Amino acid sequence: MKTLILGMGNPILSNDGVGLSIAKMLEGKIPHADVASSTMIGLSLFDLIIGYDILFIVDAMTTHDSGIGKLKKISECDRQGTLHLFSSHGMDIFELMELGSLCGFKVPRLAAVYGIEIGDEVAFGGTLSPALTKQLPGIIESIVTDIAGALPSLFSSALIH
Amino acid sequence: MARKITIDPITRLEGHGKIDILLDEQGNVKDAYWQVTELRGFERFCLGRPAEEMPRIVPNICGVCPSAHHMASTKALDDLYSVEPTPAARLIRELEYNAFYLEDHYIHFFFLAAPDFVVGPDADPKERNILGVIGKVGKEIGLKVIEVRKRNRDIIRHIFSKAPHPEGGLPGGVPRGFTEEDRTWVKETAYFSLDFAQFAIQLFKDVVLANPSYLDLILHDAYKLKTYYMALVDENDRVTFYDGKVKVVDPDGKEYARFDPSDYDQYIGEWVEPWTYIRLNHLRPLGWHGLKDGDGTSLYRVAPLARLNVADGMQTPLAQKEAEIMFETLGGKPAHHTLATHWARLICALQAAEHNVIIANDPRLTSKDIRNMNLKLKNKGVGCVEAPRGTLFHHYETDDRGVLTKVNLIVATQNNAAPICLSVKKAAEEFVHGPDVKEGFLNMVEMAFRAYDPCLACATHSLPGTMPLAVTIRDHAGRAIREMRRG
């Protein structure tokens, strides 16, 4: 069973790149899971995700109903999600996975999306804001615990299917 | 009582923008504005950084045309450091740039344009996407698009370390060349892409041109705009993507100007209006005459159709033959039919594919002489390429340490911004009558700007949650009298 944790975001838009920062810090922390990052959306994700069985996404999120750095797990991702799952210039990740299936590729199951609230903090900048940086250790611990806990049941359910 | 229809956000283009259609008391279109509500501010962000960082930064401006920004930036560094790339380096850059063109143009055609033509402009929006296209023409098409994209990305990755965000641009050369062993797979990719390019043109003829109603749509007056046109041309006045002089023709096709890219500011004026963040480009010597086409206009257009209108012809034989067929069908040159941009895009992709076959067989491809290190900083550099969406300029100025003191980018969509407003208005006048508009008609209005493949973003951003198309109809006091939403 192949598992991918994918961090997404734009590295020059400060907090928008939180998914990329977290992906970097997750490397090697979860056994049997590969970690990758992408600054692209839409079809550009195709090469990254094809061939995996299970996919987790870490990305920035803007909901305005919680504070900066608040972690939200979305387990049922049908047409709902975080900032970079959608593209107005091509296709969103759900269409992408549908396209992959339609064309006969091995498409992973999107197990969960971890959204990190960034509010409207998308100013130009190569680093995260101090407020968000301070919360990274806690966010990472939560994600690691959650994925590590979820993988055994995801593996067995995939084997059953 | 005036009413306002708002389509916000626009679907299938990058960035944030909306269309406002203002109706008069009879429900006819009074005015239409394509508004960009997103402030870029990217140039300010770059000040104070070493100029050589730019090819690594600019591909992140947006997720749509990173290779175009990367190449314009790299060429601006060539100019800034007064250095000519070696012949092999230039060849390798052109190979990469053509590979990018193939990837970009086919994504646009199959994912953004084809839903309108293959599935139908008034089809259910749920079906009007790439999955609908595949449903109509078969999954083999999807497989081919994915494969041609993947193979050409391998070329980009080989030269500039990353695809689709390349980051290895160097003044005077390229960071990595090819061996004779590499040539084998490069040739395979080149020939595969050429086969696909011919297939794509044939598909366009079979599905779009063979359908009289689609051809009528392309030829419809609502999608016609008489403007000047701007594009790069080579020394033989042929379409070129990587390098050349900037040529401008008037609405009758006569040459108006031809200049070195470094003189762009003498010819391009940037007009500011309070209702949009995007600057509205026009021909500076003519002055700003407002949003009008035809007689007295100072607006110009860029992008694939402009390239074919401006140049005397294509660089390669198959593309030349297809360009002749296109102009014959459209009634001559220049062609002012905005929707024919999709056709011109496929012809440009065909040229890119043919050119890469030539490069793949060129003995210089495997030369080890891929970097000219004779660098002399001169404090100002301008780089220009034909981005897939049109002419793109990067202008950098530095202090004596090579640290940026001025950055000015003129992006393709900015060149087209004013004509896009006009195109939207023309289409709206034809297809929107009153507040009771059908979704298919609104999509036809959107088709007017989608042909330009506009890209508004300075980031790979989109809205959280679903991607709705919200249509709000308001009265003259701003009160919403009807709202529609899709997605």
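## Strand pairing in chain B

Two strands count as paired if DSSP finds at least two bridges between them. In this predicted model, strand β4 (residues 228-233) of chain B and strand β5 (residues 245-249) of chain B run antiparallel and are joined by five bridges. Within this pair, L232(B) has V246(B) of β5(B) as its bridge partner.

The two strands belong to an open sheet of four strands in chain B, with the order β6-β5-β4-β9 and mixed pairing. Because β6 (255-259) and β9 (300-301) of chain B each have a single partner strand, they stand at the edges, and one side of each is left without a neighbour in the sheet.

Six bridges hold strand β11 (residues 390-398) of chain B and strand β12 (residues 404-410) of chain B in an antiparallel pair.

## Helix α7 of chain B

Helix α7 (residues 180-209) of chain B has 30 residues, which at 1.5 Å a residue should span 44 Å; the end C-alpha atoms are 42 Å apart, so the two values agree.

Which residues of α7(B) are buried? They are V186(B), T189(B), A190(B), S193(B), L194(B), F196(B), A197(B), A200(B), I201(B), F204(B) and V208(B). These buried residues pack against five helices of chain B: α4 (87-119), α6 (139-160), α8 (212-219), α11 (317-330) and α12 (341-360).

## Domains of chain B

The domain assignment divides chain B into domain 1 (3-38 + 436-486), domain 2 (85-224 + 337-360) and domain 3 (225-336). The centres of domain 2 and domain 3 of chain B, taken over C-alpha atoms, are separated by 22 Å. Their contact involves 21 residues from domain 2 of chain B and 20 residues from domain 3 of chain B.

On the domain 2 side of this contact in chain B, the elements giving two or more residues are α4, α7 and α12. The largest share of that side, eleven residues, comes from α12(B). By class, the domain 2 side has ten nonpolar, six polar and five charged residues.

## Confidence in chain A

For chain A, the average pLDDT is 84, and 85% of the residues score at least 70. Among the elements of chain A, helix α1 (residues 18-26) has the highest mean pLDDT (95), while helix α3 (residues 93-102) has the lowest (84). Where pLDDT is low, the predicted coordinates should not be read in detail.

Definitions and conventions
Residues are numbered from 1 along each chain as its sequence is written. Chains are lettered from A and ligands numbered from 1 in the order in which they are written. This is a predicted model: local features need pLDDT of at least 70, side-chain atom pairs count only at pLDDT 80 or more; totals for chains, interfaces and linings use all residues. The expected span of a helix is 1.5 Å times one less than its number of residues. A residue is buried if 20 or more other C-beta atoms lie within 10 Å of its own, exposed if 12 or fewer, and partly exposed in between; C-beta atoms are placed from the backbone. Two residues are in contact if their C-beta atoms, placed from the backbone, lie within 7 Å. pLDDT is the predictor's confidence in each residue, from 0 to 100. Domain bounds come from an automatic or database domain assignment. Ala, Val, Leu, Ile, Met, Phe, Trp, Tyr, Cys and Pro count as nonpolar, Asp, Glu, Lys and Arg as charged, and the others, Gly among them, as polar.
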